[in-house]
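Me: Hi! Could you walk me through this structure?
Reply: Happy to, here it comes.

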Amino acid sequence: QLQLVESGGGLVHPGGSLTLSCAAAGAALDLAGIGWFRQAPGKEREGVSCLGLRDGVTSYAASVLGRFTISRDDAKHTIYLQMNDLKPDDTAVYYCTPASPPHCLGKGPWGQGTQVTVSS
């Protein structure tokens, strides 16, 4: 059974930082890639960043390139999304799901996600 659980969201001021975590278990440990996606109120879900778990290749949406970094800790079976210089437009529910670079297309399954709110 595929298990991916997101955490680490919160309220942050513009310019601040947050690190999201995606804990993998079960069948998720055999995935080719994992991606971070987000959905803001009234908007469609969009890909943020993906990581190839077999080759380490990464991809980023243009809107987050240079500000966000995807990484992994194999010992903890966890994928991270380090988010710096956050902007109000980054406000969304963030999800992790199977997806691989370069196209970073996520088809689910979708968990509960973790809320990120960027506001002064």
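Reply: One term to begin: helices (H or I, at least four residues) and strands (E, at least two) are DSSP runs, numbered from the N terminus, and two strands pair if DSSP finds at least two bridges between them. This is a predicted model, where local features need pLDDT of at least 70, side-chain atom pairs count only at pLDDT 80 or more, and totals for chains, interfaces and linings use all residues. Residues are numbered from 1 along each chain as its sequence is written, and side-chain values use heavy atoms, leaving out hydrogens and water.
Me: New topic: how many disulfides does the structure hold?
Reply: Two. A disulfide here is a pair of cysteine sulfur atoms within 2.5 Å. Cys22 and Cys96 form one, with sulfur atoms 2.1 Å apart. That pair links distant parts of the chain, from strand β3 to strand β9, 74 residues apart.
Me: Is Cys22 buried or exposed?
Reply: Cys22 counts as buried because its relative accessibility is 0%. Buried means under 20% relative accessible area, exposed over 50%, and partly exposed in between (1.4 Å probe, protein chains only).
Me: Which cysteine forms a disulfide with Cys50?
Reply: Cys104, and their sulfur atoms are 1.9 Å apart. Cys104 is buried too, with a relative accessible area of 10%.
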